[in-house]
Amino acid sequence: MVLEIAQVDIKPGQEAEFEAGVAKAAPLFKRAKGCKSLSLQRSVEKPSRYRLFIGWDTVENHTVDFRDSADFQEWRKLVGHCFASPPEVEHVREVANPF
């Protein structure tokens, strides 16, 4: 499994709209091929910054299957207008989990 981590900076004043958009988009991710989990975290120090954590079976499930889908276009319609800048995205694999 891989974890997509997307850092998303939101235009000030649009935080509630962004959070609502992510909630509305949950079914898009639930039905996406290889998508296993979705979590949104908000920064305490920078309240317009979020991190989206999405678990995928493979990187390609995100970068090919989801991004090439109509659901990705719908996702962007729900939240894209809230972005202050393009999200920074990376994929990671767990290598240790000591506790």
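Predicted model: local features only at pLDDT ≥ 70, side-chain atom pairs only at ≥ 80, totals over all residues.
Figure 1. The C-alpha atoms of R93 and L3 are 6.3 Å apart in space, although 90 residues separate R93 and L3 in sequence. When neighbours within four places in sequence are left aside, R93 is in contact with M1 and V2.

Figure 2. In general, the strands of a sheet pair through backbone hydrogen bonds, in either a parallel or an antiparallel manner.

Figure 3. Strand 2 and strand 3 run antiparallel and are joined by 7 bridges. The bridge partner of S37 is G55, in strand 3.

**Figure 4. The buried face of helix 2.** N61, H62 and F66 are buried in helix 2 (residues 59-66). Viewed down the axis of helix 2, the buried residues fall within an arc of 100 degrees, so they line one face of the helix. The elements that cover these buried residues include strand 1 (2-9), helix 1 (15-30) and strand 3 (49-56). Helix 3 (70-79) and strand 4 are also among the covering elements.

Figure 5. H62 has its place in helix 2. With a relative accessible area of 3%, H62 is buried, because that class takes in values under 20%. The side chain of H62 makes a polar contact of 3.3 Å with the side chain of E4. Apart from neighbours within four places in sequence, H62 is in contact with E4, W56, R67, V89 and H91.

**Figure 6. The aromatic pair of F29 and F66.** A pair of aromatic rings is described by the distance of the centres and the angle of the planes. The count of aromatic pairs comes to 6. F29 and F66 form a tilted aromatic pair, at 4.8 Å centre to centre and with 35 degrees between the planes. Since F29 lies in helix 1 and F66 in helix 2, the pair ties together parts that are 37 residues apart in sequence. F29 is buried, with a relative accessible area of 3%. F66 likewise counts as buried, at 4% relative accessibility.

Figure 7. F66 is buried at 4% relative accessibility. W56 and F66 form an aromatic pair that is tilted, with 5.7 Å from centre to centre and 45 degrees between the planes. W56 lies in strand 3 and F66 in helix 2, so this pair ties together parts that are 10 residues apart in sequence. Both W56 and F66 are buried. One aromatic cluster is formed by F29, W56, F66, F72 and W75.

Definitions and conventions
Residues numbered from 1 in each chain as written. Heavy atoms only, no water. Contact = heavy atoms within 4.5 Å. Buried < 20%, exposed > 50% of the residue type's maximum accessible area, 1.4 Å probe, protein only. Helix = DSSP H or I, 4+ residues; strand = E, 2+ residues; numbered from the N terminus. Arc of directions from axis to C-beta. Phe/Tyr/Trp six-rings, centres within 6.5 Å; stacked < 30°, edge-to-face > 60°. Polar contact = N/O pair within 3.5 Å; in protein donor to acceptor, adjacent residues only side chain to side chain. Pairing = 2+ DSSP bridges.
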